[in-house]
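Here is a short briefing for a first look. Keep the sequence and the 3D view open while you read.

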Amino acid sequence: MSGRFAPRPTRTSVRGGHVVVPGADGGRPAGAVPHQTAGPGRVRTWTPDGPLDLGLVLGPLRRGPGDPTFRTTPDGSVWRTSRTPAGPGTLRVALRGGVARGEAWGPGAEWLLDGLPDLLGAADDPAAFEPRHRLIALARHRRPGLRLVRTGLVMESLIPSVLEQKVTTDEAYRAWRLLVRRFGEPAPGPAPERMYVMPAPRTWALIPSWEWHRAGVDDKRAGTILRAVRVAARLEEGVGFDAEGARRRLELVPGVGPWTSAEVVQRSHGSADAVTVGDLHLPGIVGYALAGDRDADDAVMLELLEPYAGQRHRAARLILLSGRTPPRRTPKMPRTDIGLL
């Protein structure tokens, strides 16, 4: 938040979705060491039809700086792991001279490369967005490489989103990091050290209660994840629906509400319109940016975003990326580590 306090990343501000990718504009930083690979993977290149910023496009997929499924390296690459329908895979993406190059390893390599264009926003249409506020127009002008990611995977966004329900960012990221490292599997191929693929649904279902507790996850969130992984195949089928259809299916799982389903389809479907309602910070940020109303609630936020119907999520992201947030006037939400209780 801005004001007399030093800015600190929150789950909401991080949702602006920008990570620093060194040298991603096509050049290698001076003195950078090229990534050492143990063996070549399968390769695909794709040329976007406009500006592309890897940090903006893929940033929403990172769950904190220590995310074991996401890494940026000094050579300008973004590495991520996924559990695809074909199995675990590692994907390395780099942008050189306006051309995206994907290299993948593991049983899921072909699946990841097939989905590379959609992952980088090929299905998104930034030109369909028409700014109606000066702040948003300026944010878009400064971020021409913003495209909306589409992973084509539901569970890899659903589980960390459930972990983020009603807790601080640090707590949620710590839980995701500990659980993936403890129960996931090492990333295929020459991935950077300590990268892992998230556990399979059955593995999540078999995590003992004390391990959830040790990771700081309360029974409510753990129970929601356990209910979701039991119907993981049905939830993944939602990728074949439109975003609203996928949200309706997700919300059939007790414990998954509008906040969580929006967070999922923003990533799995590249939804340009799914607004995150029920958030602690977002209504106040949108209200402050567009109307000077830091006390705005969800109803006010949706009213302010109504001119962007069909593109409300993109508008909210641009507001977050603008950096215009209300000065903090209350203490941060306290962190409670149930693993210490």
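Which residues does Trp212 touch, not counting residues up to four places away in sequence? They are Leu179, Trp204, Ile207, Val217, Ala222, Ile225 and Leu226. Bear in mind that this is a predicted model.

**Nonpolar cores**
- The largest nonpolar core has 35 residues. Met155, Leu158, Leu179, Trp204 and Trp212 touch the most other members.
- In soluble globular proteins, nonpolar side chains tend to be buried together.

**Helix 7**
- Helix 7 covers residues 169-183. At 1.5 Å a residue, its 15 residues should span 21 Å. The end C-alpha atoms are 21 Å apart, so the model agrees with that expectation.
- Its buried residues are Thr169, Glu171, Ala172, Tyr173, Ala175, Trp176, Leu179, Val180 and Phe183.
- One of these, Leu179, is in contact with Trp212.

- Strand 3 (residues 77-84) is mostly covered, with seven of its eight residues buried.
- Strand 3 pairs with strand 2 (residues 70-72) in the antiparallel sense, over three bridges. Phe70 has Arg80 of strand 3 as its bridge partner.
- Four residues separate strand 2 from strand 3 in a hairpin. Gly76, in the turn, has a positive phi of about 90°.
- Strand 3 also pairs with strand 4 (residues 87-96), again in the antiparallel sense, over eight bridges. Thr84 stands opposite Gly87 of strand 4.
- A hairpin of two linking residues connects strand 3 and strand 4.

**Positive phi in two loops**
- Most residues other than glycine have a negative phi.
- Lys166 is not a glycine, yet its phi is positive, near 55°. Lys166 sits in the loop between helix 6 (155-163) and helix 7.
- Is Lys166 buried or exposed? Lys166 counts as exposed because its relative accessibility is 71%, and the cut-off for exposed is over 50%.
- Arg194 also has a positive phi, near 65°. Its place is the loop between strand 6 (185-186) and strand 7 (196-197).
- Arg194 has a relative accessible area of 45%, so it is partly exposed.

How values were computed:
Residues numbered from 1 in each chain as written. Predicted model: local features only at pLDDT ≥ 70, side-chain atom pairs only at ≥ 80, totals over all residues. Heavy atoms only, no water. Expected span 1.5 Å × (residues − 1). Buried < 20%, exposed > 50% of the residue type's maximum accessible area, 1.4 Å probe, protein only. Pairing = 2+ DSSP bridges. Core = buried A, V, L, I, M, F, W, Y, C linked by side-chain atoms within 4.5 Å. Contact = heavy atoms within 4.5 Å.
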